[in-house]
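Take a look at the structure shown here. The report below walks through it step by step.

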Amino acid sequence: MDVEKYIASGILELYVAGALTEEQNREVHQNALDYPVIKEEIIAIEAAILELSQVISPKISKKKGFDDLKVRIAYKQDSKVRSFNVKRTNWGAYTGWAAAILCAVGLMWFYNERTQLESNMKMVEMENKILQEQIFEARGSLAKSDELLKTITDRNITLVALNGQEVAPDSYAKAYWNKESKKVVIDAQGLPEPPDGFVYQVWSLKLDPLTPTSMGLLQDFVKDGNTIFSLDNPNDSQAFGITLEPVGGSATPTLEQLYTLGVVASS
Amino acid sequence: MELDALIVRFQKKDIIAFERLYDMYWDNICGVINTIVQDTNLAEEIAQDVFVKIWKNSASYNASKGRFFTWILNIARNAAIDEVRSKSFKKQKMNLSADYFVGTIDDSDSDQIDIDTIGLRKLVKNLKEKCIQIIDLLYFKGYSQKEVAEQLAIPLGTVKTRNRSCISQLRENITLEWM
(Lines give C-alpha, C1' and ligand atoms only; values in the text may rest on other atoms or scores of the structure.)
Protein backbone atom coordinates (compact mmCIF):
# COMPACT_ATOMS: atom_id res chain seq x y z
CA MET A 1 0.00 0.00 0.00
CA ASP A 2 1.16 3.46 -0.88
CA VAL A 3 1.05 5.01 2.57
CA GLU A 4 1.90 8.50 1.42
CA LYS A 5 -0.85 8.48 -1.13
CA TYR A 6 -3.22 7.04 1.43
CA ILE A 7 -2.40 9.85 3.86
CA ALA A 8 -2.64 12.50 1.14
CA SER A 9 -6.15 11.31 0.18
CA GLY A 10 -7.54 13.08 3.19
CA ILE A 11 -9.27 9.97 4.54
CA LEU A 12 -7.51 10.32 7.90
CA GLU A 13 -8.91 13.84 8.39
CA LEU A 14 -12.40 12.49 7.75
CA TYR A 15 -11.64 9.60 10.13
CA VAL A 16 -10.90 12.07 12.94
CA ALA A 17 -14.03 14.07 12.02
CA GLY A 18 -16.10 10.90 12.30
CA ALA A 19 -17.36 11.36 8.75
CA LEU A 20 -16.52 7.86 7.50
CA THR A 21 -18.67 4.75 7.34
CA GLU A 22 -18.19 2.01 9.92
CA GLU A 23 -16.41 -0.15 7.38
CA GLN A 24 -14.00 2.69 6.45
CA ASN A 25 -13.38 3.31 10.14
CA ARG A 26 -12.38 -0.32 10.69
CA GLU A 27 -10.10 -0.14 7.65
CA VAL A 28 -8.34 3.00 8.86
CA HIS A 29 -8.01 1.54 12.36
CA GLN A 30 -6.39 -1.57 10.90
CA ASN A 31 -4.03 0.48 8.71
CA ALA A 32 -3.06 2.59 11.72
CA LEU A 33 -2.13 -0.61 13.55
CA ASP A 34 -0.16 -1.83 10.53
CA TYR A 35 1.55 1.44 9.69
CA PRO A 36 2.85 3.59 12.54
CA VAL A 37 3.16 6.52 10.13
CA ILE A 38 -0.59 6.44 9.60
CA LYS A 39 -1.19 6.34 13.33
CA GLU A 40 1.17 9.29 13.85
CA GLU A 41 -0.66 11.23 11.15
CA ILE A 42 -4.03 10.50 12.75
CA ILE A 43 -2.72 11.72 16.13
CA ALA A 44 -1.32 14.88 14.51
CA ILE A 45 -4.65 15.65 12.81
CA GLU A 46 -6.49 15.04 16.07
CA ALA A 47 -4.03 17.31 17.88
CA ALA A 48 -4.82 20.12 15.42
CA ILE A 49 -8.56 19.74 16.01
CA LEU A 50 -7.94 19.61 19.76
CA GLU A 51 -5.90 22.80 19.53
CA LEU A 52 -8.61 24.53 17.53
CA SER A 53 -11.45 23.41 19.79
CA GLN A 54 -9.33 24.43 22.76
CA VAL A 55 -9.05 28.07 21.64
CA ILE A 56 -12.77 28.32 20.87
CA SER A 57 -13.66 27.00 24.30
CA PRO A 58 -15.07 29.56 26.77
CA LYS A 59 -12.13 30.88 28.74
CA ILE A 60 -13.92 32.50 31.67
CA SER A 61 -15.60 29.26 32.29
CA LYS A 62 -18.07 28.73 35.10
CA LYS A 63 -17.06 25.13 34.81
CA LYS A 64 -18.78 23.10 37.46
CA GLY A 65 -15.97 20.61 37.39
CA PHE A 66 -15.56 16.95 38.02
CA ASP A 67 -17.00 17.05 41.54
CA ASP A 68 -20.32 18.13 40.08
CA LEU A 69 -20.03 15.32 37.58
CA LYS A 70 -19.24 12.80 40.29
CA VAL A 71 -22.31 13.97 42.16
CA ARG A 72 -24.37 13.56 39.03
CA ILE A 73 -22.99 10.10 38.39
CA ALA A 74 -23.40 9.19 42.02
CA TYR A 75 -26.82 10.82 42.02
CA LYS A 76 -28.28 7.74 40.41
CA GLN A 77 -26.50 5.58 42.94
CA ASP A 78 -27.78 7.99 45.56
CA SER A 79 -31.35 7.45 44.49
CA LYS A 80 -30.74 3.75 44.85
CA VAL A 81 -29.25 4.35 48.26
CA ARG A 82 -32.18 6.56 49.10
CA SER A 83 -34.70 3.84 48.28
CA PHE A 84 -32.56 1.55 50.38
CA ASN A 85 -32.65 4.18 53.08
CA VAL A 86 -36.43 4.03 53.12
CA LYS A 87 -36.10 0.37 53.93
CA ARG A 88 -33.56 1.19 56.55
CA THR A 89 -35.90 3.75 58.06
CA ASN A 90 -38.50 1.02 58.25
CA TRP A 91 -35.97 -1.17 59.94
CA GLY A 92 -35.35 1.64 62.36
CA ALA A 93 -39.08 1.85 63.07
CA TYR A 94 -39.29 -1.91 63.51
CA THR A 95 -36.32 -1.81 65.81
CA GLY A 96 -37.97 1.00 67.72
CA TRP A 97 -41.19 -0.95 68.10
CA ALA A 98 -39.29 -4.07 69.01
CA ALA A 99 -37.38 -2.10 71.62
CA ALA A 100 -40.62 -0.61 72.96
CA ILE A 101 -42.23 -4.05 73.19
CA LEU A 102 -39.12 -5.48 74.81
CA CYS A 103 -39.14 -2.58 77.21
CA ALA A 104 -42.82 -3.15 78.05
CA VAL A 105 -42.26 -6.87 78.50
CA GLY A 106 -39.24 -6.10 80.63
CA LEU A 107 -41.25 -3.69 82.78
CA MET A 108 -44.02 -6.25 83.18
CA TRP A 109 -41.46 -8.83 84.14
CA PHE A 110 -39.96 -6.46 86.67
CA TYR A 111 -43.44 -5.64 88.00
CA ASN A 112 -44.23 -9.34 88.35
CA GLU A 113 -40.89 -9.95 90.00
CA ARG A 114 -41.56 -7.09 92.41
CA THR A 115 -45.05 -8.35 93.23
CA GLN A 116 -43.67 -11.83 93.73
CA LEU A 117 -40.94 -10.51 95.98
CA GLU A 118 -43.46 -8.42 97.91
CA SER A 119 -45.72 -11.41 98.50
CA ASN A 120 -42.70 -13.51 99.38
CA MET A 121 -41.66 -10.85 101.84
CA LYS A 122 -45.16 -10.72 103.33
CA MET A 123 -45.10 -14.49 103.70
CA VAL A 124 -41.70 -14.34 105.34
CA GLU A 125 -42.95 -11.56 107.59
CA MET A 126 -45.97 -13.65 108.55
CA GLU A 127 -43.78 -16.66 109.18
CA ASN A 128 -41.56 -14.46 111.29
CA LYS A 129 -44.56 -13.26 113.27
CA ILE A 130 -45.76 -16.82 113.79
CA LEU A 131 -42.29 -17.90 114.86
CA GLN A 132 -42.07 -14.92 117.19
CA GLU A 133 -45.45 -15.87 118.67
CA GLN A 134 -44.32 -19.47 119.00
CA ILE A 135 -41.12 -18.33 120.65
CA PHE A 136 -43.12 -16.06 122.90
CA GLU A 137 -45.52 -18.89 123.74
CA ALA A 138 -42.69 -21.31 124.22
CA ARG A 139 -41.02 -18.87 126.53
CA GLY A 140 -44.36 -18.40 128.32
CA SER A 141 -44.98 -22.12 128.62
CA LEU A 142 -41.38 -22.60 129.70
CA ALA A 143 -41.91 -19.98 132.39
CA LYS A 144 -45.16 -21.70 133.31
CA SER A 145 -43.44 -25.06 133.39
CA ASP A 146 -40.69 -23.59 135.54
CA GLU A 147 -43.25 -22.11 137.84
CA LEU A 148 -45.20 -25.36 137.87
CA LEU A 149 -42.09 -27.35 138.58
CA LYS A 150 -41.18 -24.92 141.31
CA THR A 151 -44.67 -25.22 142.75
CA ILE A 152 -44.86 -28.99 142.75
CA THR A 153 -41.36 -29.52 144.04
CA ASP A 154 -41.79 -27.03 146.82
CA ARG A 155 -41.14 -28.62 150.18
CA ASN A 156 -44.49 -27.33 151.47
CA ILE A 157 -46.39 -29.24 148.80
CA THR A 158 -48.92 -31.82 149.77
CA LEU A 159 -49.68 -34.27 147.01
CA VAL A 160 -53.21 -35.54 146.86
CA ALA A 161 -54.13 -38.31 144.43
CA LEU A 162 -57.69 -38.15 143.19
CA ASN A 163 -59.11 -41.49 142.16
CA GLY A 164 -61.84 -42.33 139.70
CA GLN A 165 -65.39 -42.63 141.08
CA GLU A 166 -68.53 -44.46 139.88
CA VAL A 167 -69.16 -42.27 136.85
CA ALA A 168 -65.63 -42.66 135.54
CA PRO A 169 -63.72 -45.36 137.40
CA ASP A 170 -60.67 -45.04 135.14
CA SER A 171 -60.26 -41.34 135.73
CA TYR A 172 -57.65 -39.87 137.96
CA ALA A 173 -56.11 -36.54 138.84
CA LYS A 174 -53.49 -35.07 141.07
CA ALA A 175 -53.60 -32.05 143.31
CA TYR A 176 -50.44 -30.31 144.46
CA TRP A 177 -51.42 -28.18 147.39
CA ASN A 178 -49.14 -25.52 148.84
CA LYS A 179 -50.62 -24.60 152.11
CA GLU A 180 -48.19 -21.72 152.58
CA SER A 181 -49.10 -19.93 149.36
CA LYS A 182 -52.67 -21.25 149.50
CA LYS A 183 -52.49 -22.51 145.92
CA VAL A 184 -53.41 -25.81 144.42
CA VAL A 185 -52.14 -27.08 141.10
CA ILE A 186 -54.45 -29.62 139.54
CA ASP A 187 -53.05 -32.09 137.06
CA ALA A 188 -56.15 -33.28 135.22
CA GLN A 189 -54.32 -35.43 132.74
CA GLY A 190 -56.35 -38.47 133.73
CA LEU A 191 -59.77 -36.94 133.06
CA PRO A 192 -61.69 -37.53 129.85
CA GLU A 193 -62.55 -34.63 127.52
CA PRO A 194 -65.69 -32.98 128.93
CA PRO A 195 -68.80 -33.18 126.68
CA ASP A 196 -70.00 -29.98 124.97
CA GLY A 197 -71.80 -27.66 127.40
CA PHE A 198 -70.01 -29.04 130.42
CA VAL A 199 -66.96 -28.11 132.41
CA TYR A 200 -65.01 -29.63 135.28
CA GLN A 201 -65.32 -27.87 138.62
CA VAL A 202 -62.89 -28.42 141.51
CA TRP A 203 -64.15 -28.56 145.05
CA SER A 204 -62.48 -28.23 148.40
CA LEU A 205 -64.21 -30.56 150.83
CA LYS A 206 -64.61 -30.71 154.54
CA LEU A 207 -65.56 -34.24 155.46
CA ASP A 208 -67.41 -34.03 158.70
CA PRO A 209 -69.91 -32.78 157.85
CA LEU A 210 -69.40 -32.84 154.12
CA THR A 211 -69.07 -29.22 153.06
CA PRO A 212 -68.01 -28.50 149.51
CA THR A 213 -66.47 -25.17 148.59
CA SER A 214 -65.87 -24.32 144.90
CA MET A 215 -62.23 -23.63 144.09
CA GLY A 216 -62.87 -22.87 140.46
CA LEU A 217 -63.40 -24.30 137.01
CA LEU A 218 -60.93 -26.18 134.83
CA GLN A 219 -61.60 -23.71 131.97
CA ASP A 220 -60.39 -24.56 128.48
CA PHE A 221 -59.65 -28.17 129.43
CA VAL A 222 -58.00 -29.77 126.41
CA LYS A 223 -57.18 -33.46 126.59
CA ASP A 224 -53.47 -34.05 125.78
CA GLY A 225 -52.94 -30.28 125.91
CA ASN A 226 -53.87 -27.87 128.59
CA THR A 227 -54.48 -30.11 131.63
CA ILE A 228 -52.58 -28.20 134.31
CA PHE A 229 -54.51 -25.65 136.27
CA SER A 230 -53.47 -23.38 139.10
CA LEU A 231 -56.22 -22.48 141.55
CA ASP A 232 -56.37 -20.53 144.79
CA ASN A 233 -57.27 -22.49 147.85
CA PRO A 234 -57.62 -20.50 151.04
CA ASN A 235 -59.57 -23.35 152.62
CA ASP A 236 -58.52 -25.81 155.27
CA SER A 237 -59.29 -28.66 152.88
CA GLN A 238 -59.64 -32.28 153.93
CA ALA A 239 -60.34 -33.62 150.48
CA PHE A 240 -60.55 -32.48 146.81
CA GLY A 241 -63.19 -33.52 144.34
CA ILE A 242 -63.79 -32.84 140.66
CA THR A 243 -67.30 -32.89 139.24
CA LEU A 244 -68.69 -32.32 135.77
CA GLU A 245 -70.97 -29.27 135.80
CA PRO A 246 -72.86 -27.26 133.21
CA VAL A 247 -70.81 -24.42 131.64
CA GLY A 248 -70.36 -21.63 134.13
CA GLY A 249 -70.16 -24.00 137.02
CA SER A 250 -72.57 -24.70 139.89
CA ALA A 251 -73.00 -23.43 143.44
CA THR A 252 -73.03 -26.95 144.77
CA PRO A 253 -71.45 -30.02 143.26
CA THR A 254 -73.54 -32.49 141.32
CA LEU A 255 -72.45 -35.58 143.24
CA GLU A 256 -73.78 -37.91 140.53
CA GLN A 257 -71.15 -36.45 138.27
CA LEU A 258 -68.26 -36.77 140.73
CA TYR A 259 -65.35 -37.95 138.55
CA THR A 260 -62.48 -38.03 140.99
CA LEU A 261 -62.00 -37.67 144.71
CA GLY A 262 -58.95 -37.71 146.94
CA VAL A 263 -58.48 -37.25 150.69
CA VAL A 264 -55.68 -35.12 152.02
CA ALA A 265 -53.40 -37.20 154.14
CA SER A 266 -53.30 -35.88 157.65
CA SER A 267 -49.91 -34.58 158.54
CA MET B 1 -0.14 4.31 24.62
CA GLU B 2 -0.86 6.12 27.84
CA LEU B 3 -4.15 7.32 26.37
CA ASP B 4 -5.08 3.79 25.30
CA ALA B 5 -4.39 2.49 28.81
CA LEU B 6 -6.43 5.34 30.26
CA ILE B 7 -9.36 4.47 28.01
CA VAL B 8 -9.17 0.81 29.04
CA ARG B 9 -9.26 1.81 32.71
CA PHE B 10 -12.11 4.22 32.01
CA GLN B 11 -14.08 1.45 30.35
CA LYS B 12 -13.59 -0.59 33.52
CA LYS B 13 -15.35 2.26 35.37
CA ASP B 14 -12.15 3.62 36.90
CA ILE B 15 -13.23 7.04 38.19
CA ILE B 16 -9.62 8.33 38.34
CA ALA B 17 -9.08 7.50 34.68
CA PHE B 18 -12.40 9.12 33.87
CA GLU B 19 -11.37 12.29 35.68
CA ARG B 20 -8.15 12.47 33.64
CA LEU B 21 -10.07 12.08 30.40
CA TYR B 22 -12.52 14.69 31.64
CA ASP B 23 -9.66 17.12 32.29
CA MET B 24 -8.09 16.27 28.93
CA TYR B 25 -11.17 16.86 26.80
CA TRP B 26 -13.58 19.05 28.71
CA ASP B 27 -12.45 22.34 27.13
CA ASN B 28 -12.55 20.86 23.63
CA ILE B 29 -15.99 19.36 24.10
CA CYS B 30 -17.35 22.55 25.64
CA GLY B 31 -15.80 24.61 22.83
CA VAL B 32 -17.39 22.47 20.13
CA ILE B 33 -20.77 22.54 21.85
CA ASN B 34 -20.50 26.30 22.17
CA THR B 35 -20.06 26.71 18.38
CA ILE B 36 -23.45 25.03 18.05
CA VAL B 37 -25.48 26.48 20.93
CA GLN B 38 -23.67 29.88 21.01
CA ASP B 39 -24.25 30.18 24.74
CA THR B 40 -21.37 29.52 27.09
CA ASN B 41 -23.55 28.75 30.13
CA LEU B 42 -25.66 26.34 28.15
CA ALA B 43 -22.57 24.86 26.51
CA GLU B 44 -21.08 24.13 29.93
CA GLU B 45 -24.27 22.45 31.07
CA ILE B 46 -24.44 20.32 27.96
CA ALA B 47 -20.74 19.43 28.32
CA GLN B 48 -21.45 18.09 31.80
CA ASP B 49 -24.39 16.11 30.43
CA VAL B 50 -22.15 14.75 27.69
CA PHE B 51 -19.59 13.46 30.19
CA VAL B 52 -22.32 11.83 32.26
CA LYS B 53 -23.46 10.14 29.07
CA ILE B 54 -19.90 9.10 28.23
CA TRP B 55 -19.52 7.50 31.66
CA LYS B 56 -22.82 5.69 31.37
CA ASN B 57 -22.08 4.44 27.85
CA SER B 58 -18.39 3.74 28.31
CA ALA B 59 -18.87 0.11 27.36
CA SER B 60 -20.19 1.04 23.93
CA TYR B 61 -16.90 2.59 22.82
CA ASN B 62 -14.76 0.42 20.58
CA ALA B 63 -11.37 1.54 19.21
CA SER B 64 -12.05 -0.19 15.88
CA LYS B 65 -14.93 2.22 15.28
CA GLY B 66 -12.75 5.30 15.61
CA ARG B 67 -10.73 7.57 17.85
CA PHE B 68 -11.90 8.06 21.44
CA PHE B 69 -11.99 11.82 20.90
CA THR B 70 -14.06 11.30 17.75
CA TRP B 71 -16.48 9.20 19.78
CA ILE B 72 -17.01 11.81 22.48
CA LEU B 73 -16.98 14.59 19.84
CA ASN B 74 -19.88 12.84 18.14
CA ILE B 75 -21.80 12.48 21.40
CA ALA B 76 -21.20 16.18 22.18
CA ARG B 77 -22.32 17.37 18.72
CA ASN B 78 -25.48 15.26 18.88
CA ALA B 79 -26.30 16.54 22.36
CA ALA B 80 -25.80 20.15 21.25
CA ILE B 81 -27.80 19.71 18.06
CA ASP B 82 -30.64 18.07 20.05
CA GLU B 83 -30.62 21.12 22.29
CA VAL B 84 -30.71 23.50 19.30
CA ARG B 85 -33.58 21.55 17.75
CA SER B 86 -35.62 21.69 20.95
CA LYS B 87 -38.53 24.10 20.72
CA SER B 88 -37.48 26.27 23.59
CA PHE B 89 -34.17 26.89 21.95
CA LYS B 90 -35.68 27.69 18.55
CA LYS B 91 -37.53 30.58 20.11
CA GLN B 92 -34.30 32.07 21.34
CA LYS B 93 -32.01 31.54 18.35
CA MET B 94 -33.25 31.21 14.83
CA ASN B 95 -30.33 31.55 12.46
CA LEU B 96 -27.54 29.38 13.74
CA SER B 97 -26.49 27.51 10.67
CA ALA B 98 -25.04 30.65 9.14
CA ASP B 99 -22.59 31.07 12.00
CA TYR B 100 -19.19 29.48 11.91
CA PHE B 101 -16.81 29.27 14.78
CA VAL B 102 -14.74 32.21 13.53
CA GLY B 103 -17.77 34.26 12.61
CA THR B 104 -17.82 35.57 16.14
CA ILE B 105 -14.27 36.82 16.25
CA ASP B 106 -15.19 40.30 15.14
CA ASP B 107 -18.47 40.44 17.06
CA SER B 108 -17.46 42.74 19.89
CA ASP B 109 -21.01 42.71 21.27
CA SER B 110 -21.40 38.94 21.46
CA ASP B 111 -20.98 36.73 24.49
CA GLN B 112 -17.88 35.26 22.94
CA ILE B 113 -15.57 37.75 24.66
CA ASP B 114 -14.43 34.95 26.95
CA ILE B 115 -12.99 33.03 24.02
CA ASP B 116 -9.29 33.13 23.27
CA THR B 117 -9.78 35.29 20.19
CA ILE B 118 -6.10 36.11 19.88
CA GLY B 119 -5.19 32.43 19.86
CA LEU B 120 -7.96 31.71 17.43
CA ARG B 121 -6.84 34.48 15.06
CA LYS B 122 -3.32 33.02 15.05
CA LEU B 123 -4.63 29.53 14.33
CA VAL B 124 -6.89 30.50 11.47
CA LYS B 125 -4.71 33.15 9.82
CA ASN B 126 -4.18 32.49 6.11
CA LEU B 127 -7.10 30.05 6.21
CA LYS B 128 -9.60 30.77 3.49
CA GLU B 129 -13.19 31.28 4.53
CA LYS B 130 -14.11 28.05 2.76
CA CYS B 131 -11.55 26.20 4.90
CA ILE B 132 -13.00 27.57 8.10
CA GLN B 133 -16.46 26.59 6.90
CA ILE B 134 -15.37 23.07 5.94
CA ILE B 135 -13.59 22.51 9.25
CA ASP B 136 -16.51 23.90 11.19
CA LEU B 137 -19.07 21.77 9.39
CA LEU B 138 -17.06 18.54 9.40
CA TYR B 139 -15.63 18.68 12.90
CA PHE B 140 -17.88 20.93 14.93
CA LYS B 141 -21.25 20.41 13.29
CA GLY B 142 -20.83 16.75 12.37
CA TYR B 143 -21.80 17.16 8.73
CA SER B 144 -21.19 14.37 6.21
CA GLN B 145 -19.13 15.01 3.08
CA LYS B 146 -22.33 15.18 1.05
CA GLU B 147 -23.91 17.67 3.45
CA VAL B 148 -20.76 19.82 3.34
CA ALA B 149 -20.77 19.76 -0.45
CA GLU B 150 -24.41 20.81 -0.52
CA GLN B 151 -24.05 23.45 2.17
CA LEU B 152 -21.00 25.03 0.58
CA ALA B 153 -21.96 24.34 -3.03
CA ILE B 154 -18.74 22.52 -3.88
CA PRO B 155 -18.27 19.20 -5.70
CA LEU B 156 -18.57 16.19 -3.38
CA GLY B 157 -15.29 14.73 -4.64
CA THR B 158 -13.32 17.78 -3.55
CA VAL B 159 -14.49 17.89 0.09
CA LYS B 160 -12.01 15.27 1.24
CA THR B 161 -8.93 16.81 -0.41
CA ARG B 162 -9.89 20.40 0.34
CA ASN B 163 -10.38 19.48 3.96
CA ARG B 164 -6.98 17.81 3.93
CA SER B 165 -5.29 20.99 2.72
CA CYS B 166 -7.26 23.12 5.24
CA ILE B 167 -6.17 20.91 8.11
CA SER B 168 -2.60 20.97 6.82
CA GLN B 169 -2.72 24.78 6.86
CA LEU B 170 -4.09 24.68 10.42
CA ARG B 171 -1.33 22.31 11.49
CA GLU B 172 1.24 24.63 9.99
CA ASN B 173 -0.17 27.54 11.94
CA ILE B 174 -0.06 25.49 15.12
CA THR B 175 3.53 24.50 14.48
CA LEU B 176 4.42 28.16 13.91
CA GLU B 177 2.57 29.04 17.09
CA TRP B 178 4.62 26.59 19.11
CA MET B 179 7.91 27.73 17.59
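**Chain B**

This is a predicted model. Start with chain B, which has 179 residues. Its secondary structure comes to nine helices and zero strands. Read from the N terminus, the elements run α-α-α-α-α-α-α-α-α. Buried residues make up 36% of this chain. Now take the contacts in chain B with a separation of 6 or more: 57% of them join residues 24 or more positions apart.

**Two helices of chain B**

How are two packed helices described? The angle between their axes and the distance between the axes are used. Apply that to helix H3 (residues 40-56) and helix H4 (residues 68-85) of chain B. Their axes come within 9 Å and cross at roughly 130°. That angle makes H3(B) oblique to H4(B). The crossing of H3(B) and H4(B) is right-handed.

Which residues make the contact? The table sorts them by helix.

| Helix | Residues in the contact |
|---|---|
| H3(B) | B:Leu42, B:Ile46, B:Asp49, B:Val50, B:Lys53, B:Ile54 |
| H4(B) | B:Ile72, B:Ile75, B:Ala76, B:Ala79, B:Ala80, B:Glu83 |

The residues of this contact divide into nine nonpolar, no polar and three charged.

**The sheet in chain A**

Turn to chain A. Eight strands form an open sheet there. Their order is E5-E4-E7-E8-E1-E2-E3-E6, and the pairing is antiparallel. Strands E5 (210-217) and E6 (228-232) of chain A stand at the edges. Each has a single partner strand, so one side of each is left without a neighbour in the sheet. From one strand to the next, the twist averages 25°.

Look at one pair inside this sheet. Strand E4 (residues 198-207) and strand E7 (residues 239-246) of chain A pair in the antiparallel sense over eight bridges. Within E7(A), A:Glu245 stands opposite A:Val199.

**Where the chains meet**

How many residues of each chain are in contact with the other? Chain A gives 41 residues and chain B gives 46.

How values were computed. Residues numbered from 1 in each chain as written. Chains lettered and ligands numbered in written order. Predicted model: local features only at pLDDT ≥ 70, side-chain atom pairs only at ≥ 80, totals over all residues. Axes fitted to C-alpha atoms, helices over the stretch in contact; angles between N-to-C directions. Helix = DSSP H or I, 4+ residues; strand = E, 2+ residues; numbered from the N terminus. Parallel < 35°, antiparallel > 145°, perpendicular 65-115°, else oblique. Left-handed = near helix turned anticlockwise from the far one by under 90°. Contact = placed C-beta atoms within 7 Å. Nonpolar A, V, L, I, M, F, W, Y, C, P; charged D, E, K, R; others polar. Pairing = 2+ DSSP bridges. Buried ≥ 20, exposed ≤ 12 C-beta atoms within 10 Å, placed from the backbone.
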